[in-house]
Structures are given as C-alpha cells and as structure tokens.
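Look at how two protein chains can meet, and then at a part of the surface away from that topic. The paragraphs below take these in turn.

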Amino acid sequence: MHLPTLTRRLFLGGTLSTAGAALLAPGRARAQDAVALQLSWLHSVQFGGSYLARKNGYWRDAGLEVSLLPGGPNAPVEPPVVAGTALVGISAADYTAAAVNQGAPFRIIGVAMQKNPFAIASLPDNPVNSPADLVGKKIGMALANTPVLEALCSINGVDIGGIEVVPTQYDAAPLVQGQVDCLLCWATDLPVAMEIQGVESVTMLLADHGYSVHSQTYIATEDSLANRRDQLVALMKGEVMGWQDYQADPEAAAALSVEMFPDAGLDLATQKLQAERQVPLMFSDLTEAEGFGWFTEETVAANVETLKLLGKPVSPDLWDRSILEEVHG
Amino acid sequence: MDRRPDIHLAGVAKSFAGAIRPVEAVAPVDLVLAGGQMTALVGPSGCGKSTLLRLIAGLEPPSEGRITIGTESPDELRQRAGLAVAFQDAALLPWRSVEGNIALGRALARKPRDPGMIRELMSLVGLSGFERNRPAELSGGMRQRAAIARALAGEPELLLLDEPFAAVDALTRDRLNTELPPLWEARGATSILVTHSVAEAVRLSDRILVLTPRPARIAADIPVPLPRPRGPEVLASEAFRALCTEVTDALRDHQYPESVAAQ
Amino acid sequence: MSAGRGTLRGGPAALRAQHPLPRGLGLLLVLLIWEGVARATAGSFIIAAPSQIAGYMVSHSGLLWRAFGATLASAVQGFVWGNLAGVLLALLVVLLPRGERLLSALALLVFCLPLVATGPILRVLYGPGTGPQVTLAALAVYYTTFLPVLVGLRAAPQGWFDLVRSYGRGRMTALREVRLPAALPYLVAGLQIAAPAAFLGAMVGEFTGAERGLGVLTVRALRALDLPATWAIAVIAAGVSMLAFAAVGALGRRLDLAPPEVLMAPPVARSRRPWEAPAQALLALAAALLIWKGSMEVFGLPRFFAKRPEDVWFYLVTGPGAEAQRARLFAALGETLALAGPGYLAGLGLGAGLALLLALAPRLGGAVIPLSIALRSIPIIATAPLIVWALGRGAAGTITVVAVMIFFPTLIACRHGLARTPRAVLDLFEVYASSPLRRLLGAQLPAMLPAFFASARMAIPAAILAVTTAEWLATGRGIGALMATVASTSDYGMLWSAIALVGLAAVLAHALVAALERAVLARTSAEQLAR
C-alpha cells in the first residue's frame with residue numbers, strides 16, 4: 001500500500017521542534033535522527049521503561065532523538081503512526097487488530113504487557129474471584145468494552161445474560177458509591193486509585209481466565225519496517241534496555257516519572273504502587289528466557305483465538321518479530 | 001461646475017413595490033428649479049415630499065423620467081460630494097462628539113480638514129461650548145442645528161433640508177428660522193426645503209410647491225417675492241400673511257387624494 | 001439612552017441594598033453548609049469540602065499555577081483567533097449579503113462539530129504541541145462572536161447609511177464610519193460569552209494528548225478518585241471563567257459603550273421566491289461536502305482516518321454491513337436525542353419561565369441575575385462530571401446537564417427581551433390598573449418572544465455540546481460515547497458518519513426552530529421579520 005508522505009505538522013505554524021532541537025543541540029558527537037514514540041495514555045510510570053531509556057541515554061547512544069508524545073482520553077494513537085508523525089505507537093493487540101481491519105498497514109513489533117491488564121475489580125465484602133462470581137452482579141463498564149465481557153464469558157462458559165451491565169465511564173466512583181458491584185478496568189489504575197484513597201478492593205485479572213490479548217504493543221507501519229529498519233531497531237533496543245532497568249528497580253522508575261513530568265500531576269505513592277502492580281504483567285518466564293517484549297507462535301496463536309472471540313479476526317502475520325530478533329540477537 | 005446649479009425634472013415618477021400592486025408615491029413631474037434659489041416642498045404628512053427629495057438626492061432611483069442637476073445626474077453630483085442632506089432625524093452618530101459629527105460632513109465630502117471653519121459653523125448654529133459633548137447629551141433642537149452645520153461643513157452646491165425642524169418645539173423653531181437662513185444665503189447654494197409648516201415655507205423660501213397626497217403631484221406653484229433678509233418683523237407683514245393664506249388654501253383644496261382625482 | 005443606562009446600573013445596586021444579609025456573611029453561610037454536606041457524605045466520593053479544596057490548592061499551588069498558565073495560554077490564543085474569525089466572517093456576510101444563508105449555514109455546521117470527534121482529528125493534523133488546544137478554543141468562540149457582531153453591523157438606522165450615501169461614499173466608508181463603531185458594543189457582548197468558552201475549548205483540547213494543563217489534571221484527578229483535586233480544578237476553571245466574563249464586561253463599560261439593543265440575531269428573512277430556500281440549502285450542502293473533501297485532498301490526509309464524503313456514503317449506504325452500521329448509528333443518535341430533547345425543552349422552559357416569574361416579582365432579580373450570569377460562565381467540563389456524579393448515570397443526569405447549559409443563557413436573553421417592552425405599552429396597562437399577570441401576558445410576553453426564539457436557536461449547538469460531552473465523559477451512552485469509542489478503535493467510517501449526522505441533525509433542528517419562530521413572530525411581532 002502506498003503511503004502519502006506527510007509533513008510532520010501539516011499546517012498553521014507547526015515548528016519542527018524536535019528536529020530543530022536535535023540539530024542545534026551542542027556537544028553531540030553525531031547527528032541524531034529525530035523520531036517520535038506515540039504513547040497510549042498520559043505520562044505516568046505506565047511508560048517508565050521509556051523514560052529510563054531516555055534518561056540513561058540508550059537512544060542517544062544509538063543516534064536517535066526520541067520524543068515521547070503523550071496520549072489522553074481523546075487522543076488518537078494509530079493515526080499519527082499512519083500519518084508518519086510517530087515512528088512507533090503503543091497500542092494493544094485488539095486496537096491494532098481493529099485498525100488493521102480498517103486498512104491500516106500495521107505490524108506488532110514488540111509486546112510490553114505479556115498479560116492483558118483488564119481486570120474485574122470488586123469490594124472485599126462482595127468479591128468477584130472468578131468469572132462464575134459475575135452471575136447476578138451489576139458490572140460497571142464502558143459499553144464499548146462489551147466484547148471484552150462477552151469474550152470472557154464465552155471462554156469460561158458463563159451466561160452473560162445473568163450479568164447486569166451498567167454503562168459507566170472510566171472511574172472508580174460508581175463502585176465506591178455502591179451503584180455497581182464490580183468494575184471492568186485495568187488492574188494497574190482504578191484499584192491503585194482506590195487503595196491510595198483507602199478503599200480496599202479485590203481484582204481478578206482476565207488474563208488469568210483465558211483472556212489472551214497482548215497489551216501495550218509496539219506498532220509500526222509496513223513502510224517503516226521496510227525503509228526505516230535501523231531507526232526501529234535503535235528505538236526498540238532502547239526500550240528493551242529501559243524496561244530491563246525498570247524491572248531491576250520499579251521504584252526508581254516511579255520516582256523518575258514524577259521527576260521527569262512535574263506538570264503531569266503525578267503522585268509518588270500512586271506511581272510506586274502502579275509500578276509494582278505492572279511488573280507481573282510485563283515480565284514472565286518467557287521474557288526471562290528470551291528478553292523483554294518477546295512473543296512466540298504459541299502466545300500469538302492464543303491472541304488470534306481471543307481476538308476472534310472479540311470479533312476482530314487477524315492472521316498471525318500481524319506479529320513481526322524481526323526487529324526484536326535484531327535487538328536481542 | 002456651476003456653484004448654483006439648476007435642477008430639471010423631466011417626467012419623474014416613483015412607485016414602490018406593494019403587497020398587492022405597486023404604490024405610486026410620486027406621479028410624473030416636470031419641473032425646473034432655478035439655481036441659487038430655495039424651493040420649499042409643502043404638503044400633508046406622507047404625501048411623498050420626502051420621496052421627491054430623496055430622488056433629487058439620488059438616494060432612490062426614479063421609476064420613470066430623468067433628473068438633471070446642472071449638467072449632471074444626481075448620482076454624479078453625489079459621487080463628487082456636491083450635495084448635502086440635513087436629515088429629518090438629524091442622523092448624528094452617537095459615538096462621535098458634536099464637533100466630530102460636524103467635521104464628518106467635511107471628511108465625507110472629501111474636503112481638506114478645516115478646524116477653524118468647523119468652530120465657526122458651530123458658533124453660527126449656537127453650539128459653541130458643546131464641542132466635546134455626545135449627541136445624546138443635546139436637546140432635539142441642538143441636534144438639528146448640529147445636523148445642519150454638518151450639511152454646511154461640506155460646502156455643498158445643493159443643500160437638501162428634510163423637515164429639519166420637525167422635532168423642535170415652536171419657540172426654538174422660530175429662532176432657528178431667524179438665525180439659519182443667513183447661513184445658506186451667504187453660501188448661495190441651491191436648496192430644497194421639505195416642511196409641513198406653511199409659515200416656515202413662506203419665511204425661508206423663494207418659491208413654494210404645494211404637493212397633493214399620494215401620489216405626489218404639484219397642486220400649486222407659488223413664488224415668494226418677499227425681500228431678504230427676512231427678520232421677525234416679516235411675520236407681521238401683510239404680504240407674508242397673504243402668502244400664507246394662499247398656500248394654506250392650496251393645501252386645503254388638495255387635502256385628500258379624492259380631490260386629486262377630481263382635478 | 002443615557003438615562004436608560006443609568007437605571008440599569010442603578011438597579012442591581014439598589015436591590016442589593018435591600019438584601020437582608022451582607023454579602024460576606026451569605027457567602028460564609030454557603031461555604032459552611034457545603035462543608036457540612038461534604039463531610040457528611042465523605043464515604044460516597046461526590047462532594048469535596050471547601051477546606052479540602054483549599055488544602056489541595058495550597059499544597060499543589062505550583063502544579064496548579066503551571067497547569068493554569070498552560071491552559072490559559074492556549075485559551076488566549078484561541079480566543080484571539082476565534083474572535084478574529086468571527087468578526088471577519090460577520091464582515092464577509094455584510095459585504096456579501098447574497099452569501100448570508102450559505103455562510104451562516106456553514107458557520108453553524110462547523111460550530112456544531114462535536115469536540116469529541118474534532119479533537120483527535122486536529123491532533124493528527126497538528127502533531128504534538130498546542131495546535132488542537134488553540135484550535136478547539138477558537139472553534140468554541142467564533143460562532144458566538146459572529147452572531148452578535150453581525151447583528152451589530154446591521155443595527156444602525158437607515159438614516160446613518162443615507163448620510164454616508166448622500167456624500168457619494170460607498171460600502172467601505174459605511175463600514176468604517178457606521179457599521180464598525182455601531183457593532184462595537186455587540187462585539188463586547190460576544191467577547192463576554194467567548195471568554196469562558198475559550199477556556200473550555202482549551203481544556204478539551206488537552207484531552208487529545210497534551211503535556212500539561214488543567215485538562216490533563218482533570219483526567220488524572222477523575223481517574224484517581226481524587227475528589228479535592230477534581231473540585232479544585234472545577235473551582236479554578238469556574239473562577240477564571242467568571243473573572244474573564246466580568247473583565248470583558250468591565251472593559252465595555254470602561255469604553256462607555258451603550259449596551260446593545262438586541263443581543264441575538266433576528267431570523268434570516270423569508271426568501272421571496274419559494275424555490276430559493278431549498279436551493280440555498282442544497283448549495284450549502286454542496287459547499288460543505290466540497291470543503292470536506294477538498295481540504296482532505298489538499299492536505300493529502302490518509303484515507304485510513306480521513307474519510308471522504310464518498311467513504312461515508314459507502315459506509316452507510318452501499319458498502320457491506322451498511323445496514324447494521326446505519327442501525328447502530330441511528331440507535332445511538334436516537335438515544336442521544338431522547339435525552340437532549342427533554343433537556344433542551346426543560347432548559348428553555350425553565351429559563352423563560354424564571355424570566356417571566358422575575359418580571360412578576362422584580363425584587364428577586366437582584367439576587368438571581370448576578371448569580372445566573374456567574375453560573376453561565378462555568379465551563380461544562382467542570383460541571384458535567386459533578387452533576388452526573390450527583391444525579392447518577394441515568395437519564396436524569398444527562399438531561400440536567402443539557403438543561404443547565406441552556407437555562408442560563410435563555411434566562412438572560414429573555415430578561416433582555418422583557419426589558420425591551422416599550423415604555424408606552426407598559427404605561428397603557430398601568431393606566432388601566434391591569435393586574436401584573438395581565439400585563440405579563442398582554443405586553444411583556446410578546447416583547448420577550450424574539451429574544452426567546454433567538455435563544456432557542458443558539459441553544460441548539462449548546463445542547464449538542466452538552467449532551468455529547470456528558471455522554472462521553474460520564475454516561476458512556478449515545479452518540480457522544482459512540483464517537484469516543486470508534487475514534488479509539490479506528491472505526492473512522494463510523495466516526496465521520498456520526499459527525500456528518502450530528503451536523504445534519506443540528507442544521508435541521510435549527511431550520512425547524514427558525515420556521516417555528518417565523519410562524520409565531522408573524523403573529524406577535526411582525527416587525528422583527530421586516531428586515
């Protein structure tokens with residue numbers, strides 16, 4: 001597929017700030033390639049490995065000047081990658097599959113979260129410990145996530161008709177206020193927020209009940225894979241090294257996040273708790289053996305299976321391990 | 001350019017689009033107004049005298065016929081700022097000072113700035129000391145005088161006065177009738193005065209045209225041979241009263257449109 | 001005129017003097033009740049106590065200042081660009097009167113584009129930086145400046161234009177000497193409404209991926225269940241909006257501008273020929289489609305997310321699965337309209353009703369009006385989550401959000417209309433010692449209707465903004481949530497279909513209200529239609 005070459009900022013006085021900064025920065029031994037990494041959410045320790053990569057100069061040493069573009073509740077992740085504004089985007093297998101089905105020329109080149117962070121959060125006196133517990137409960141979730149619940153029920157043989165779905169937006173208030181019995185949310189944010197507010201909760205990770213969807217996946221276009229391999233390898237190499245540092249000391253990553261983004265309104269205690277909670281999602285026996293971001297034919301096959309249940313059929317070709325192989329090789 | 005142009009109206013008529021059929025405001029008129037004279041148009045309210053004035057000013061195009069002022073059309077005269085109108089409601093711009101409004105008459109006429117002249121005009125119309133005031137702070141009579149001063153500020157060849165004293169009480173009106181004529185007499189422009197006051201018409205003009213109600217036709221054409229200047233003593237003169245009676249009779253004869261049909 | 005202004009100025013002050021409580025004491029009482037209610041309901045995470053809010057503001061003052069500065073900078077830039085665009089558009093309409101219907105329809109259409117959908121598109125167009133924030137702020141203000149300035153440019157009496165013409169001067173002189181100065185008070189009225197709207201636009205713009213700003217902090221605070229932070233940001237946003245509103249008003253008084261005679265635009269006059277209106281509508285549709293497609297082609301936007309009109313047609317009509325997609329879209333729209341409609345009517349009804357009530361009991365006005373003017377300027381982004389938290393995620397919450405958005409402007413516009421009841425007519429009722437109710441129905445209600453209908457037209461974009469924002473941020477239902485969802489799952493065919501449908505619905509609703517307005521005003525105040 002032909003991709004139109006877009007200028008970085010299309011109109012109205014954009015400045016090539018990152019490129020300019022790279023060219024003008026004094027004391028650099030070599031010219032830096034300016035590229036951007038589109039994050040999937042606001043700055044937080046969720047992307048702690050990337051911050052460590054930047055701070056420790058892993059990209060700079062590889063000749064790369066990486067700007068980290070924050071996401072947000074109304075921020076597009078896939079389009080900047082298609083448009084070329086960002087070289088790599090942080091998506092998730094289900095979102096990537098949807099985009100590919102809409103004609104986006106993406107490949108998944110790495111997987112940061114081996115286990116999907118989706119969880120059912122409930123309160124201890126009325127807990128949801130297994131999918132079967134959902135029957136007869138009121139679950140608060142965005143209606144857009146209905147396919148996720150459907151997939152979970154069908155994998156575990158639970159009758160979805162027995163669950164009352166209450167449409168809510170993404171915050172913990174309805175659970176705390178008693179409007180719902182449980183919430184569909186990420187294990188790393190709303191339960192953390194509740195704990196910081198002194199509300200204890202029970203979380204059941206969907207990934208522990210057959211829901212296999214890679215999250216925080218690195219996506220790049222086929223065009224970039226063909227023509228900008230060096231930059232992709234350099235970027236992913238930095239990511240891998242950064243996340244290795246993160247694994248060694250999540251607390252330091254939390255502290256760095258707070259320090260690096262003083263305007264993001266981050267709270268150190270929350271960041272530390274979140275950093276700790278996402279470790280088991282990102283690091284596994286597989287990553288111990290093969291390295292951060294790795295995926296295998298088996299994990300991909302499990303993803304293809306779950307994505308089919310989600311109504312987003314994909315072929316295993318969506319995953320492309322060649323960049324990781326160069327990084328780890 | 002003739003500084004005191006004649007005005008020729010040849011078969012000039014005006015009708016407006018109405019709800020059912022066109023409304024005839026001015027019936028075909030043939031007329032010559034001599035240069036340097038002041039002609040008064042009198043008639044009952046709503047008879048079309050203001051429309052005739054607007055036709056001569058070129059603010060409305062005639063439906064039929066042609067108007068020539070000197071050698072030009074009203075539009076041509078207007079385009080080179082050769083005429084000025086003192087409007088019925090003064091039409092002062094509320095955000096400009098009194099002085100600014102009068103100076104605007106000169107600026108719009110594309111004449112060079114002349115603060116001395118503006119001051120002189122203001123003093124002539126009795127507005128000295130109100131230079132900085134806004135129109136809203138003036139009485140009705142003061143606003144009318146400011147409007148006349150603005151019309152004179154552009155040194156027009158043709159001066160059109162559309163009921164300039166309509167909103168003024170009788171006492172003030174009488175005073176203005178005494179004080180203002182010298183202003184245009186000295187400048188000698190051709191002028192047309194629209195009024196529904198018979199005494200004012202006789203007092204100020206050289207010739208009176210009595211108009212019939214809609215559509216406007218010329219019912220009477222009465223010359224006013226009174227000598228100038230016409231001070232307050234004129235009002236007591238026999239000739240003045242006779243002229244007033246003549247005009248009033250002409251008006252009474254043509255008070256209603258029916259009488260036109262009978263003509 | 002100056003006398004009228006004097007009474008306007010004197011009015012509230014005189015009434016305030018009769019107020020039983022000194023100002024400070026009343027405020028203190030409100031704060032105390034607030035604190036009490038917040039403490040009593042602490043477990044349910046709805047209301048933060050004033051002491052908690054103040055505590056958060058003090059302990060996070062540096063963070064809040066920086067965020068405020070970032071948002072303010074975007075808002076100010078958007079304010080300048082948006083108002084400039086509004087004024088230029090109004091000038092264009094005045095200089096090209098034949099294009100009025102077309103330009104007005106396009107202006108309305110662009111104003112009705114939902115923030116939730118335009119945000120991500122702008123982010124892709126601009127890339128990183130403050131571009132989307134500034135643009136959304138500008139988009140949020142240009143229409144509410146365009147309308148009053150257009151009225152102001154035309155508000156001058158015919159005599160002033162005749163004056164200019166009598167000297168043989170043309171449109172440009174009339175513009176400079178008459179129209180522009182006459183429009184100045186109207187511009188100030190528009191800028192007053194624009195100031196809070198720009199702040200809202202900038203905050204929503206930050207949702208598209210910004211490094212800093214109050215919008216960023218709002219998202220963080222909502223998600224972290226951080227009640228004091230959420231309320232502190234709402235208080236700051238509300239405070240700065242009220243301050244900006246008051247500051248622009250003070251500037252207008254400083255310039256000694258007469259308050260505008262009519263705040264809102266009269267309806268576009270009925271066309272003389274029967275085929276003209278449909279032809280103009282078709283022309284506007286064609287122009288909108290042309291601009292839509294043309295701009296995408298000019299900028300070479302990838303088809304993946306920048307769907308052209310023909311892509312939407314394919315998606316909704318001819319393509320595979322079109323029927324199901326259409327059904328999904330219309331179901332969402334139906335769900336939205338079922339809430340927006342009652343909210344819209346409730347807001348209009350309550351606003352007009354309270355205005356009439358205050359006409360019967362004018363003393364209340366001194367207390368209610370300043371409060372309403374203040375509340376009108378609070379951005380919806382601050383209030384929507386709070387209202388929905390308080391009233392729940394069902395229909396009541398959303399209807400209330402919409403009604404609140406419409407209620408305050410309607411109240412103020414209707415008060416303005418009531419004040420324009422001719423003195424002589426009121427005197428007539430006074431002479432016959434009519435009851436206040438009779439006076440209300442016989443004289444004041446007809447005088448209020450033009451303002452009411454103008455407000456009803458302006459309320460359509462406001463209702464759309466309110467309902468889609470509430471659905472997106474709070475309830476997760478309807479077309480607002482659908483747009484947010486499909487934008488995140490790359491279903492851009494649906495996103496553009498939804499944008500087109502919302503725009504179409506807005507323009508149709510506007511035409512419907514305008515037709516109703518013409519029918520009613522033709523009976524009650526024909527002079528409003530004469531232009």
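What follows describes a predicted model, starting with the interface between chain C and chain B.

In this interface, 24 residues of chain B are in contact with 15 residues of chain C. The size of an interface is often given as the accessible area lost when the parts come together. Here chain C and chain B bury about 1,900 Å² between them, and carbon and sulfur atoms account for 59% of that area. On the side of chain C, the residues that lose the most area to chain B are C:Trp160, C:Leu163 and C:Tyr167. Together they make up 37% of what that side buries.

B:Arg54 forms a salt bridge with C:Asp162, with the closest N and O atoms 2.7 Å apart.

Which helices of chain C each supply at least two residues of the side that touches chain B? They are helix H8 (158–166) and helix H9 (171–206). H8(C) gives the most, with 7 residues. Sorted by class, the side of chain C that touches chain B has 7 nonpolar, 4 polar and 4 charged residues.

The next topic is a surface patch. C:Leu282, C:Leu285, C:Leu289, C:Leu504 and C:Leu508 make a nonpolar surface patch of about 480 Å².

Notes:
Residues numbered from 1 in each chain as written. Chains lettered and ligands numbered in written order. Predicted model: local features only at pLDDT ≥ 70, side-chain atom pairs only at ≥ 80, totals over all residues. Heavy atoms only, no water. Contact = heavy atoms within 4.5 Å. Buried area = accessible area lost by both parts, 1.4 Å probe. Salt bridge = Lys/Arg side-chain N within 4 Å of Asp/Glu carboxyl O. Helix = DSSP H or I, 4+ residues; strand = E, 2+ residues; numbered from the N terminus. Nonpolar A, V, L, I, M, F, W, Y, C, P; charged D, E, K, R; others polar. Patch = residues over 30% accessible without salt bridge, like charges linked within 9 Å, V, L, I, M, F, W, Y side chains within 5 Å. Areas by Shrake-Rupley, 256 points an atom, 1.4 Å probe, with all protein chains shown as cover.
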